[in-house]
Amino acid sequence: TAAGAVRQSRGSHRRRGFTLVELLIAATMMSILFVGVGAHLGGGITVWRRTIATGETVQRRYVALERLEQELANAIVYDDREASYGEGEGVLPRPRFEETRLAWFSVAPFGRRPLPAVHFVTYECAQRDGTQGLWRTSQFVGEARARAVPSPQLVLPECERLSLQYSILPDDPAEPLEWRSQWTEPHRGLPRLVDVTMQFVSGDRLTRVVGIPSGRSAAPASPP
């Protein structure tokens with residue numbers, strides 16, 4: 001009949017809702033999608049953090065090496081008399097250019113001072129207070145002469161070993177450089193070139209050849 005046709009037409013135009021099974025399937029798919037996106041973002045954040053940490057580590061290493069290079073470039077022979085140096089109070093500490101340790105007199109930049117100041121500086125990779133790293137000390141000449149105990153400063157953590165070699169410039173530019181593991185008589189003259197290698201706990205190495213403008217071009221006398 002006409003009334004039945006109208007009711008059938010109206011029923012066919014009604015929207016059909018989602019069943020419970022369809023809702024569960026959609027929720028499961030959305031959960032899988034969110035888990036995948038979250039894992040991807042988490043991995044990206046981890047890589048980003050590692051990259052930032054690596055960049056900061058490399059920057060700290062180069063800053064420490066630049067500081068060492070600058071102080072070596074300002075190295076001087078404070079007193080060339082052998083009698084001025086010794087181990088007791090009242091005399092100057094001996095400069096040391098050894099295989100794993102440095103100790104020398106360095107002229108600090110002017111800064112706010114009217115005249116440059118001379119410091120006795122040491123560098124060494126060692127473990128102090130349970131921390132392995134590159135340690136630095138600095139004293140004025142009067143403090144070093146009085147044997148005041150300096151406060152060590154951690155310049156770079158995780159430095160396992162500081163390897164040093166010293167060279168002179170040959171008279172003939174065609175000749176190879178002669179490298180030595182120690183520099184004798186540093187109170188009479190400084191090496192012209194210092195090969196600095198920092199070895200870290202991670203196994204990484206950082207090497208640079210540093211020039212000392214006031215260094216001598218002739219080799220010091222070899223010990224007997």
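This is a predicted model: local features need pLDDT of at least 70, side-chain atom pairs count only at pLDDT 80 or more; totals for chains, interfaces and linings use all residues.
Buried means under 20% relative accessible area, exposed means over 50%, and partly exposed lies in between (1.4 Å probe, protein chains only).

Residues are numbered from 1 along each chain as its sequence is written, and side-chain values use heavy atoms, with hydrogens and water left out.

## Salt bridges overall

Side chains of opposite charge can pair when their charged atoms come close. A salt bridge here is a side-chain nitrogen of Lys or Arg within 4 Å of a carboxyl oxygen of Asp or Glu. The whole structure holds 12 salt bridges. Glu66, Glu69 and Arg208 are linked in a network of them.

## Glu87 and Arg96

Glu87 pairs with Arg96 at 3.3 Å, N to O. Glu87 is exposed, at 56% relative accessibility. Arg96 is partly exposed, at 29%.

## Links between strands and loop

Glu99 and Arg161 form a salt bridge at 3.7 Å, N to O. This pair links distant parts of the chain, 62 residues apart. Glu99 sits in the loop between strand E2 (96–97) and strand E3 (101–107), and Arg161 in strand E7 (residues 159–168). Strands (E, at least two residues) are DSSP runs, numbered from the N terminus. Glu99 is partly exposed at 39%; Arg161 is partly exposed at 35%.

Glu124 and Arg101 meet at 3.8 Å, N to O. Glu124 is partly exposed at 26%, and Arg101 is partly exposed at 25%.

Definitions and conventions: Helices (H or I, at least four residues) and strands (E, at least two) are DSSP runs, numbered from the N terminus.
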